[in-house]
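Subject: Structure handover and findings

Hello,

Please find the structure below, with the sequence. My notes on what was found in it follow.

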Amino acid sequence: LTVCSDGAPVVMSDILVGENGGGSWTGPGGAFSGVYIPSTDSAGVYTYTVTGLTPCAAAQSTVTVFENEAPDAGTSASVTLCANGGAVNLFTQLNGTPDPTGVWTFGGNAHSGIFIPGTSTAGCYTYTVAGVTPCTNATSTVCVTVTAPPNAGTSANVIVCSNQIAFALFDKLGGTPQ
């Protein structure tokens, strides 16, 4: 029996074929309830024993459990970046403890996982870590919003007379200041 570490509980008697009721289970840790719970039980050999009536000996069957670790893509996050900021590794924006073996996509296309403000497209980038059967793939997203940087315009030189009337310095800046 192969299970995923985050899988549903398994009734072990459902795995056996032709077993008689009334037996008892033991596992790697000793006595066992007969329901394998991936989050708490250990992989290994589980034995079902039916006591024999004299002169018959007890009968046993075993189920060997293998447990594949569920993939961890971390948890989704959002980040707001300035359009003139530096490149950002999206992996560092994920919450939790994501496996480093995943791949990034954006709009269904492969992506490097490096977001370059002012060049890359804002939106939600998906990180996927492949699961080993029977574990399913794990995914999370980093949604990126890009904001425009502040604009103070461009510097200017103004020559004035000492008796000139007051004027707004803002109007003397070049460009399109905010």
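Residues 24 or more positions apart account for 55% of the contacts in the chain with a separation of 6 or more, where contact means heavy atoms within 4.5 Å. This is a predicted model, in which local features need pLDDT of at least 70 and side-chain atom pairs count only at pLDDT 80 or more, while totals for chains, interfaces and linings use all residues. Residues are numbered from 1 along each chain as its sequence is written, and side-chain values use heavy atoms, with hydrogens and water left out.

Overall form

The chain has 14 strands and zero helices; both are DSSP runs numbered from the N terminus, with helices being H or I of at least four residues and strands being E of at least two. The radius of gyration is 32 Å, well over the 16 Å that the globule rule gives for 178 residues, so the chain is more spread out than a compact globule. That radius is taken over C-alpha atoms, and the rule is 2.2 Å times the number of residues to the power 0.38. Along the principal axes, the C-alpha atoms fill a box of roughly 125 × 30 × 20 Å.

Of the 178 residues, 26% count as buried (buried is under 20% relative accessible area, exposed over 50%, partly exposed in between, with a 1.4 Å probe and protein chains only). The chain exposes about 11,000 Å², of which carbon and sulfur atoms supply 55%. Accessible areas come from the Shrake-Rupley method with a 1.4 Å probe, and for residues only the protein chains shown count as cover.

The sheet with β1

Five strands make an open sheet in the order β1-β7-β6-β3-β4, with mixed pairing; two strands pair if DSSP finds at least two bridges between them. Its edge strands are β1 (2-4) and β4 (30-32), each pairing on one side only. The twist averages 35° from one strand to the next, with axes as lines fitted to C-alpha atoms (for helices, over the stretch in contact) and angles running from 0 to 180 degrees between N-to-C directions. Strand β3 (residues 24-27) pairs with β4 in the antiparallel sense over three bridges, and G27 stands opposite G30 in β4.

V3 is in strand β1 and counts as buried, at 6% relative accessibility. Leaving aside neighbours within four places in sequence, V3 is in contact with V10, Y36, P38, V65, F66, E67, N68 and P134. The C-alpha atoms of V3 and L53, which are 50 residues apart along the chain, are separated by 35 Å.

The sheet with β8

Another open sheet of five strands has the order β8-β14-β13-β10-β11, and its pairing is mixed. β8 and β11 (109-111) stand at the edges with a single partner strand each, so one side of each is left without a neighbour in the sheet. Here the twist averages 35° from one strand to the next. β8 pairs with β14 in the parallel sense over six bridges, and C82 stands opposite T147 in β14. The covered face of strand β8 (residues 77-82) has A77, V79 and L81, whereas S78, T80 and C82 are on the uncovered one.

Aromatic pairs

A search of the whole structure finds eight aromatic pairs. Rings of Phe, Tyr and Trp (its six-membered ring) pair if their centres lie within 6.5 Å; planes under 30 degrees apart count as stacked, over 60 as edge-to-face and the rest as tilted. One of the pairs is W25 with F32, edge-to-face at 6.2 Å centre to centre and 85° between the planes.

Cis peptide bonds

T54 and P55 are joined by a cis peptide bond with omega about 10°; P55 lies in the loop between β6 (44-50) and β7 (59-68). The peptide bond from T133 to P134 is cis, with omega near 10°. P134 lies in the loop between β13 and β14 (138-147), and P134 is also one of the contacts of V3.

Regards
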